[in-house]
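Hi,

Here is the structure I promised to pass on to you. Have a look at it first, and then read my notes on its aromatic rings below.

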Amino acid sequence: MKKNIVSIILAGALFVGFAGAKTLATVDGVAITEKDFDVIKQRVPNFNFDSLKDDQKKALLDQAINNILIEKQAKKDKIEDSEEFKNALTAFKKQLLVEVWAKKQAEAINKTKIPEAKLKKYYDDNKQQFVQQEAHARHILVKTEDEAKKIISELNKTPKAKVESKFIELANKDSIDPNTKNTQNGGDLGTFQKNQMVPEFAKAALELKPGTYTKTPVKTEFGYHIIYLISKKDPKTYSFDEAKQTIEAMLKERKFQEEMKDKIDNLRKKAKIDISK
């Protein structure tokens with residue numbers, strides 16, 4: 001489920017004080033600029049302040065103003081001198097050291113060049129991974145198989161012409177999917193690619209004909225689904241040239257995970273570790 005951009009950012013602090021960008025506001029002489037929101041790109045790479053809606057811009061700006069005011073008050077209250085702050089700062093430094101060290105390992109691996117022959121071999125050995133298909137579907141998510149079977153039974157009794165409207169009604173009433181519950185959208189998932197869904201769900205959805213639904217519950221890690229297929233496109237197999245960049249990123253990620261494990265295992269071997277029972 002996609003998170004709202006503003007809710008992501010309001011969960012954390014914004015850093016202010018950059019220069020050389022358009023000033024959006026000042027708080028007691030401290031400027032807030034569009035550059036201050038670049039920190040968001042660490043979490044949302046495609047973030048663009050100018051493309052946000054007016055209410056989203058206002059929410060971010062209000063939070064930046066609040067952060068400056070709270071920071072000033074915290075300094076007046078001598079929060080920096082408190083044991084709680086010092087302990088939190090120490091813990092943050094330790095975590096930051098771990099994250100920066102791991103980042104440097106990843107950067108080193110990212111600079112390596114994987115031979116084209118190795119990329120091509122992976123493509124040839126795993127061609128099924130590069131067959132994609134777009135679909136548009138609805139779903140109803142419930143906790144138990146019995147609940148799913150009951151919903152399917154109700155759909156089976158519904159005239160074909162009214163199945164989708166009945167499906168929407170049941171989704172809004174019975175689905176535990178948070179997006180459906182909050183928006184009452186009839187379980188609409190929008191369009192998605194095969195690889196965007198867990199395998200069990202994707203397989204069941206793409207085996208349907210448009211205008212039909214799954215006659216048996218589809219079990220995934222989230223619960224039991226009933227799926228209604230609105231439409232689907234013909235499958236497309238990406239060529240090696242189209243897939244090459246993805247394969248390279250995948251193999252580099254695999255190499256990163258393997259090397260990190262080896263390095264950590266080596267560090268553990270050299271260390272004296274006593275685990276209390």
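How many aromatic pairs does a search of the whole structure find? The search finds 5. Rings of Phe, Tyr and Trp (its six-membered ring) pair if their centres lie within 6.5 Å; planes under 30 degrees apart count as stacked, over 60 as edge-to-face and the rest as tilted.

One of the pairs is Tyr123 with Phe240, which is edge-to-face, at 5.7 Å centre to centre and 65° between the planes. Because Tyr123 lies in helix H4 (residues 116-125) and Phe240 in helix H9 (residues 240-270), this pair ties together parts that are 117 residues apart in sequence. Helices (H or I, at least four residues) and strands (E, at least two) are DSSP runs, numbered from the N terminus. Tyr123 counts as buried at 7% relative accessibility, and Phe240 counts as buried at 10%. Buried means under 20% relative accessible area, exposed over 50%, partly exposed in between (1.4 Å probe, protein chains only).

Phe167 and Tyr228 have ring centres 5.7 Å apart and planes at 45°, so this pair is tilted. Phe167 is in helix H6 (residues 163-174) and Tyr228 in strand S7 (residues 223-232), so parts 61 residues apart in sequence are tied together. Phe167 is buried at 0% relative accessibility.

Ring pairs also link Tyr122, Tyr123, Phe130 and Phe240 into a cluster.

Two notes on reading all this: the model is predicted, with local features needing pLDDT of at least 70, side-chain atom pairs counting only at pLDDT 80 or more, and totals for chains, interfaces and linings using all residues. Residues are numbered from 1 along each chain as its sequence is written, and side-chain values use heavy atoms, leaving out hydrogens and water.

Best wishes
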